[in-house]
Amino acid sequence: MQDQPNETVAEGVRRTERTILTLLLSDGQCVWSVEELVADIGRRLETIDAVASLNAAGLIHRCGEFVFATRAAIRLSEHETHGG
């Protein structure tokens, strides 16, 4: 189910991708299981699709049912946080 009115499926997946990256890049827990992400986000299919898309893009690593940010994603986050 879409959270935003008039949101396309692709927009929903992109929003979920951003949420996943935010969770993986936060100062707390850096390794999450896919099921933990599903439970936190609440949208199973969007979350699974977003994990696959982020993995294919090289922004997260997947090891079995666990995921974590790649060095590239961490580096990009540092640049965005510190202004380059």
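Cys30 is partly exposed, with a relative accessible area of 47%; here buried means under 20% relative accessible area, exposed over 50%, and partly exposed in between (1.4 Å probe, protein chains only). Please keep in mind that this is a predicted model, in which local features need pLDDT of at least 70 and side-chain atom pairs count only at pLDDT 80 or more, while totals for chains, interfaces and linings use all residues. Residues are numbered from 1 along each chain as its sequence is written, and side-chain values use heavy atoms, with hydrogens and water left out.

Which cysteine sulfur is closest to that of Cys30? It belongs to Cys63, 13 Å away, which is too far for a bond. A disulfide is a covalent bond between the sulfur atoms of two cysteines. Here one is counted when a pair of cysteine sulfur atoms lies within 2.5 Å, and by this rule there are zero disulfides. The table sets out the two residues.

| Cysteine | Relative accessible area | Closest cysteine sulfur |
|---|---|---|
| Cys30 | 47%, partly exposed | Cys63, 13 Å |
| Cys63 | 53%, exposed | Cys30, 13 Å |

Now for two glutamates. Glu46 sits in helix H3, residues 44–56; helices (H or I, at least four residues) and strands (E, at least two) are DSSP runs, numbered from the N terminus. With a relative accessibility of 13%, Glu46 counts as buried. Its side chain makes a polar contact with the side chain of Thr16 at 2.9 Å. Such a contact is a pair of N or O atoms within 3.5 Å; within protein, one must be able to donate a hydrogen and the other to accept it, and residues adjacent in sequence count only if both atoms are side-chain atoms.

Glu65 is found in the loop between strand E2 (60–63) and strand E3 (66–69). Glu65 counts as partly exposed, at 46% relative accessibility. Leaving aside residues up to four places away in sequence, Glu65 touches Trp32, Ser33 and Val34, where contact means heavy atoms within 4.5 Å. The C-alpha atoms of Glu65 and Trp32 are separated by 8.5 Å, although these residues are 33 apart along the chain.

Finally, the whole chain. The protein chain has four helices and three strands, running α-β-α-α-β-β-α from the N terminus. Its C-alpha trace spans about 35 × 30 × 25 Å along the principal axes. Of the 84 residues, 33% count as buried.
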